[in-house]
Amino acid sequence: MATRVEPTPAPAGAARPTDPREAVERLRWIWETPRTLAGALTTVDHKTIGIRYLWTAAFFFVLAGADAALMRVQLAHADSRFLSPEAYDQLFSMHGTAMIFLYASPVLSGFSNYLVPLLIGSRDMAFPRLNAFSYWSFLFAGCFLYGSILVGQAPDGGWFAYVPLTTRAYSPGPNLDFYALGLLFLTISTTVGAANFIVSIAKLRAPGMSINRMPIYVWSTLSASVAMVFALPSLTVALVFLELDRRYATHFFDPQGGGSALLWQHLFWVFGHPWVYVVVLPAFGIVSTIIPTFCRRPLAAYTLVALASVSVAIFGFGVWAHHMFTTGMSAMATSFFSAASMTVSLPSGIATASWLTTIWFGKPVYKTPFLYCIGFLLLFVIGGLSGVMTGLVAFDRQVTDTYFVVAHLHYVLVGANVFPVLAGVHYWFPKFTGKMMHEGLGKLSFWVLFVGANVLFWPMHHLGLAGMPRRVYTYAPGMGLDAGNFWSTIGAAIFSVGFLIFVANVVRSLAGGEPAGDNPWGASTLEWSVSSPPPAYNFARIPTVRGREPLWEQGADEIAALDSGARGATLLEGRETLGTTVMDAADEGIMHMPGDSPWPLALAAALALLFWGLMLRGFWPSLLGVVATVFALGAWFWPAGHHGPGVPPRRGGAGREPAYGGGAA
Amino acid sequence: MTTADAQAAGPPARPPLSAGRGGHDVGWWGMMVLLATEAALFSYLLGSYFYLAVQHPTWPTIGAPPLALVAPNTALLVASSGAAWWADRSADRGNRVGLIAGLALTIVMGAVFLGVQGLEWSRADFRPQTDAYGSMFYTITGFHGAHVLAGLLALGHTLLRAITGAFPPGRTLAVNNTVLYWHFVDVVWLVVFTSLYLAPRF
Amino acid sequence: MIAPRSTLALLALLPRQVPTTLSIFAARGRAAMESAALGWGLIVISVIVFLIFLGFLALPLWRNRGRGDLSMAGAAQAVRDQHDHPDEIRGILLLGLALPALVLAAVFVWSTIKTSAQAQPFAVNDPDASERADAVVIGHQWWWEVRYPRDGVLTANELHVPVGRRVRIALSTEDVNHSFWVPQLAGKTDLVAGQVNTIWLEADTAGTYYGECAEFCGPQHAHMGFTVVAESPADYADWLATQHAPAVPATQPEVQAGRAAFASLGCAGCHAVRGTVFQGRAGPDLTHLASRATLAAGTLPNTRGDLAGWVADPQRVKPGNRMPVVAMSGTDLQAVVAYLESLH
C-alpha cells in the first residue's frame, strides 16, 4: 500500500463506452429495482433503505412522543387521576426505550444509510443485503416491542430496567420479556448495521478520499459505529442474564443466590453511556455538514473535530459508573468516574468551539437547516452545562434521579439529536425527493419547536431542584411543583404543534415542493454532484476526490461528467463499485456487489418468528424459528452471494442482464 | 495491476481486488468486525464472571471444575484449528481434496468437542439454578458451545459448497472467513478454559 | 422553588403537619448545605459560560447577517483562504479545550472538597453495618421500616434524630432497590438489594423534614415518603423511650371493640402491635401509629378522617399498594380507627 493518493487513471477504463447515454442506460438496467411488490421486498438499494429507516423511526418517534404527551397530561396538575400508576409506568418506560432504541439511533442510521455511500462516492454499502436485513429486523423488533402495548403489557421498569424490580419475583407479567427479547432482537439489527458502516467507510471511499479528506459526517458515523460494535455486546449479555433469571431461575442478579443486583447496572451503563454518544455523534456530523454549507466556508479545525468525535467514542466507555454515584461505590471510584466525566466533555468543547469559529469567520445564510443548527447549539450547550453539574459527585447526589436529570438528558437528546435530525431533513429533503421544503413553514416550525422545547424542558430543572423525583406518576400539591409541571405541559403542547407544522411542511413539499436541482444549497460534498433524487447507481462514474470540499474545490462538472475526460471509473459490468485502501483511498480494484434478494427479509422474518416463539414460550414456534433462521442463512450464503476476487467476467453485450449475484432464489 | 494489463485482458476483464496491493476484500473486513464484537461479548461475559468472583469469599462455590474431560477436549479443539488451517491452505492452492478432507476433519473434531462438552454438562453435580456460579458456568460454556455449533454449521455449509465445486482458487473468501471464525472460536475457548478451569487452581 | 422561611417556621409549629418543601436549596444539614453551596456556584459558573458562548454565537450572526449567498464562487474562495488556518486552530484549542479544561478542573476540585466535607455518605457496602448503626432503614414496596437496634425501637416511615449530631444510618432493602433521600439534609443513597450502605445524617435545625424514595421501585414509587424529625437530645430520648414501650392497653369500650375488629378483620396478618398478640410482619409495625406525622408512607397527614379513609379503601389513595381493601361495616371502621388512634 503505497502512500500514493492519486489513483491510477481509470482502472476500468477498458469498459468505457463511447456513448454516455448508452452507459447510463446500462447502469439503470443493472441497478434499478423494478417498481413492483417483489422489488420493494427484495431491494437492497441503500437509498430506499435509508428512507425506510427515516419513515419508520419517525413513526416510532410519534408513538413515543404520544406516550410522553399522555404523561404530561397526567402531570399537568397535582394528584391527577388521568392515568393509573401501572399505565404511567408503561408509558414512561416505552417512551424512553422507544426514543432511544427505535427513534434516536435508527433515525441516524437512516441518514447514514442514505448519505454515507453518496458522501464517500460509492454506489452502495459494502454489504447491501446485510443492510436490507438490518432494516427489516429493526422494523420487526420495533413492532415486537410496541406489540406489548396492544396487549397492555408493555415494559414497565424504565428504559434501564434495574433489577430486582424487573426480575420475575417483582415483575411476573410478560412486560419485561417484551423488553429483553425485543432489545436482543434489535441488537442484532444494530450490530450488523454498524459493521456495515465501518466496512463501507473503510473500503468503499472514492479514490483520493484519504481519511484526512473524509467528510466529518463520515467520521462521526464511523466513530458511532465503532462504539456500537463494542457497546452492544454488554447490553446483549445483560439482557441474556435477565431473561435467564426470569425464565430459568438462574441467579445472575439474585444476591441470595450469589449474584449481584449491581452487575446489571454495570453491564447496562457500560452499554448505555457509549450509547448516548452513538445517538448524538452522527447528529454532530449533520451539524458539522450543515453549518459550513450555510456559512460558506469549510469547517474550522477539521482535524480536531475528527479527532474529537473519535475520542468521544473511546472515552465514552470510561464514564459509565457516573450513573451509579449513589449506589455505595467507594470514594475513590466515584472520584475517578467524576473526573472521567469532566474529561469526556472536552471533545464536545472542541466541536462547539469549531462550530462557533466556523460561524464567526463565515457569512451565514439564514435558511431553515441553519436555524435548526443554531437551535441545536443553544440547547446542547445548556444540556452540556447541566451534564457537567450532574457529573460532580457532591451535586449529583442531590439531583440524580430527579427532574433535573430529566431536564438535562432532554436538553442533550432533543438538542443534539432531534434538532440536528430536523436540520438534516430540511437540508437533504431536496436530495431525497428532488423538491424543496417550504422555507416559511420551515422557519415557523423551528421557532415553535424551539420555544416549545424550552417551555417544556426548562421548568424541569426547577422541578428537580425543588425535589421532584423522576418516574413519579403524581405529586402532592403545595410542594412547589405545581407551576413548573403546568408550564412543562404547556410546552409539550407547543412542541407538538411545532412538530405538526413540520409534518405539514413535509406533506406539502412532497406533494408540490419547488424543483430542487442538483445542488440547491451550493454545498461541497459529493451527494450534491448527482441529480436529486440520485440515480439508483449514485454515480455514473466513480468520482476522484482531490480535497475535503470536492464540489467547492473541483466543481460538480468535473466530479459528475461522464464524458468530460476526467479521471474516474465507469463500472458497467454488473453491480460494482471501487474498492480502495483504508488510509489513502488508493484504488485497489472492483468490488462486486450482490443484487436484490429475498433472503434478508426471509432471515429477519425467521428471527421474528423465533423471538415470538420465545416470547410465547412456544416450543414448536421457537424450534421452527431456529430452523427457518438456519435455512435462511444457508440460502443467503449458498450460491453467488460472494463478491470476492476472481469472479468470472460477465458478457458486456446489449440486452437486459440480471444484476450480478442476484440469483439467490 | 496496471491499466495496460487490464486492457491486454480485453474489455470485460477487470483487475481483481487486492491483487498485489495487500488489501483485503470487504468480506474479510466484515468478518473482522464480527469477531471484534464477538470478542467484546465474551469479554463482558468473563468480566461478569470475575465481577462476581471477587465479591465472593469462595469462588467457584463448588470447587474448581475437574480437568479430566476438558483438558483432552481442549487439545482436540486446538488440533481442529490445525485441520481447518490445512483446509484453508488447500483451498488457496486449489487442492480440492485437501479442502474437503480438512473441512470434514475439522467438523468431526468440532462435533466431538461439542459432544464431550455435553457429557461434561451432564456429569456436573451443579445446575445453572444452583447458584450464581452455576449460572455463570453454564451460560459462558453454553455461549461458547453455541458458537462452536454455529461454526460447525458454517463449516458444513462450506463443505457442501466445496463438494459441489464452488471454490476455484481466488474465490475462497467463504472458506477463509469460515476458517477464520473457527480459529476465533478456538482462541475464545482457550480464554474461557483458562478463566473457568485453570484460574481457580491458582 | 424555595418556600419562604416564615412559612416553614409557621408550619413547624403546627403539629402533624406534612412538611412542604423538598428543595435542595432549603438545606438544614451539613451535607445538604455543601451540595447547595456547590449547586449555587455551579449555576453561576454555568450562566457565565453560557453568556460567553452566547456572545460568541450571537455577535457573528448579527454582524455578518446578509453578507452570505449560496454561490459556489464565494465558498471556493473561502476554501483557498481559510483551510485549517493556524489562528483558527489556536483559537479553538484555547476556547474549546484549554479554558473548559481549566474550569472543569476547578469545579472538579471544588466538588471533591465538598464531597469530603460532607463526610457523607461513606456508602460502601458493609454487611455488618446494621449492627453498628444508630438507626437502620429498610426499604419495602412502598414504605420504610425504621429500627433503632440499640434502643429496641421499631417504627415506620418516620425517623427521629437529635439536632446537631451525626447519626449513623444503615440502609438495606427487603425487596427491590430504593433510594433514601431527605433533600434538606443530604443527598441520596441507594438501598441496593443484597448490600448494606451506610450514611451519616445530620440536621442543624430542629424541625420536620420530608424524605422520599428516589429510585423507581414500582407503581407506588410516587407515594413512598417519610419524615425525619430533628429534635433536642432530650426530646429525642423521650421519643426513643416512648417508642420502645409496648402499646398502651385498650381500656375504652370502643377501643376494645376496635382491637377485636382488628383481629377478626385479619389486620394482624400483616401488622404487629407490640404488647399484643398481633405479630404480622409484612406491613408496618403499628405499636405507636398515632405518634407518627403521616400515614401510608408520607401520603396522608395522620388525622382521624384520613386514617379512616385509608383503612376503608387503601387502594383509592395508593392504587396497587400491598394493603388490601377489607370489607367492613361502618361501626367496625369507626372502632378500628379508634383503636389505631389510641396507639400513642
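**Exercise 1. Determine how many helices and strands chain A has, and how its radius of gyration compares with the globule rule.**

Solution. Chain A has 19 helices and two strands, where helices (H or I, at least four residues) and strands (E, at least two) are DSSP runs numbered from the N terminus. This is a predicted model, in which local features need pLDDT of at least 70 and side-chain atom pairs count only at pLDDT 80 or more, while totals for chains, interfaces and linings use all residues. Residues are numbered from 1 along each chain as its sequence is written, and chains are lettered from A and ligands numbered from 1 in the order in which they are written. The radius of gyration of chain A, taken over C-alpha atoms, is 25 Å, close to the 26 Å that the globule rule gives for 665 residues, so chain A is as compact as a globular protein of that length; the rule itself is 2.2 Å times the number of residues to the power 0.38.

**Exercise 2. Describe how helix 3 of chain A packs against helix 15 of chain A.**

Solution. Begin with the geometry: helix 3 (residues 46–75) and helix 15 (residues 482–512) of chain A pack at an angle of about 150 degrees, with their axes 9 Å apart, the axes being lines fitted to C-alpha atoms over the stretch in contact and the angles running from 0 to 180 degrees between N-to-C directions. Helix 3 of chain A is therefore roughly antiparallel to helix 15 of chain A, a term that applies to angles over 145 degrees. Next, list the residues: helix 3 of chain A contributes Ala68(A), Ala69(A), Arg72(A), Val73(A) and Leu75(A), and helix 15 of chain A contributes Asn485(A), Ser488(A), Thr489(A), Ala492(A) and Ser496(A), a contact meaning that C-beta atoms, placed from the backbone, lie within 7 Å.

**Exercise 3. Is Val73(A) buried, partly exposed or exposed, and which residues does Val73(A) touch?**

Solution. Leaving aside residues up to four places away in sequence, Val73(A) touches Phe82(A) and Thr489(A).

**Exercise 4. Identify the pair of chains with the most contacts, and the helix of chain A that gives the largest share of its side.**

Solution. Of the two pairs of chains that touch, chains A and C have the most contacts, with 79 residues of chain A in contact with 83 residues of chain C. On the side of chain A, helix 10 of chain A gives the largest share, 15 residues.

Methods:
Angles under 35 degrees count as roughly parallel, over 145 as roughly antiparallel, 65 to 115 as roughly perpendicular and the rest as oblique.
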